[in-house]
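Welcome! Please take a moment to look over the sequence and the structure, and then read on for a short tour.

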Amino acid sequence: MVLQRKMTIPIFNYKLTVLIYDNYSEVEHLFEPTSTPPKGTTATTYGAALVAIHYKQESTITHEAEHVKNSIWEFIGYIPQRDNDEVDAYLLTYIYEKIRAVHLKFITNYK
């Protein structure tokens, strides 16, 4: 079973598609081949990210959100500031909350 949600991250006009799955075989065709099913994975292109996370791997949300955040910075040409990482932290939190909301919906409705 897969729950998919598409959204746009405001201000940056960055597309984010989140997939929460219970069997990697349902989403593996969307990603580079791996030798073992990952806990989560992210694929990015110019202006968009596709994130897939196994429903039992909640902690992986933070890991994948970091990849999305970095892809957004690359997309807009921003270089994070080492001495002032507030904008970094706010964006990471926003992405985490969006992915987590989809995860919670999967847990609530499907398991």
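What follows is a walk through the core, a helix, a strand and some aromatic pairs.

This is a predicted model, in which local features need pLDDT of at least 70 and side-chain atom pairs count only at pLDDT 80 or more, while totals for chains, interfaces and linings use all residues. Residues are numbered from 1 along each chain as its sequence is written, and side-chain values use heavy atoms, with hydrogens and water left out.

**The core**

In soluble globular proteins, nonpolar side chains tend to be buried together. A nonpolar core here is a set of buried Ala, Val, Leu, Ile, Met, Phe, Trp, Tyr and Cys residues joined through side-chain atoms within 4.5 Å. Buried means under 20% relative accessible area, exposed over 50%, and partly exposed in between, using a 1.4 Å probe and protein chains only. The largest nonpolar core has 22 residues, and Ile9, Leu16, Val68, Ile72, Ile95 and Ile99 touch the most other members. Two or more residues come from each of β1 (2–9), β2 (14–21), β4 (48–54), α1 (60–76) and α2 (86–110). These labels are DSSP runs numbered from the N terminus: helices (H or I) have at least four residues and strands (E) at least two. A second, separate core has seven residues, including Tyr24, Val27, Phe31 and Leu50.

**Helix α2**

α2 has 25 residues and reaches 36 Å from its first C-alpha to its last, close to the 36 Å expected at 1.5 Å a residue; the expected span is 1.5 Å times one less than the number of residues. Its buried residues are Asp88, Leu91, Ile95, Ile99, Arg100, Val102, His103 and Phe106. β1, β2, β4 and α1 are among the elements that cover them. What does Ile99 touch? Leaving aside residues up to four places away in sequence, Ile99 touches Val18, Val51, Ile53, Ile61 and Ala65, where contact means heavy atoms within 4.5 Å.

**Strand β4**

Six of the seven residues of β4 are buried. Strands pair if DSSP finds at least two bridges between them. β4 runs parallel to β2, joined by seven bridges, and Ile20 stands opposite Ile53 in β4. With β3 (residues 40–45), β4 runs antiparallel through six bridges, and Thr44 stands opposite Ala49. Two residues lie between the strands of the β3 and β4 hairpin, where Gly47 takes a positive phi near 85°.

His54 also belongs to strand β4. Is His54 buried or exposed? His54 is buried, because its relative accessible area is 17%. Not counting residues up to four places away in sequence, His54 touches Tyr21, Asp22 and Lys39.

**Aromatic pairs**

The structure holds six aromatic pairs. Rings of Phe, Tyr and Trp (its six-membered ring) pair if their centres lie within 6.5 Å; planes under 30 degrees apart count as stacked, over 60 as edge-to-face and the rest as tilted. Two of the pairs are shown here.

| Pair | Centre to centre | Angle between planes |
|---|---|---|
| Phe12 and Trp73 | 5.7 Å | 85°, edge-to-face |
| Tyr14 and Phe75 | 5.6 Å | 65°, edge-to-face |

Phe12 sits in the loop between β1 and β2, and Trp73 in helix α1, 61 residues apart. Tyr14 lies in strand β2 and Phe75 in helix α1, so this pair ties together parts that are 61 residues apart in sequence. Tyr14 is buried at 0% relative accessible area, whereas Phe75 is partly exposed at 22%. Ring pairs also link Phe12, Trp73 and Tyr78 into a cluster.
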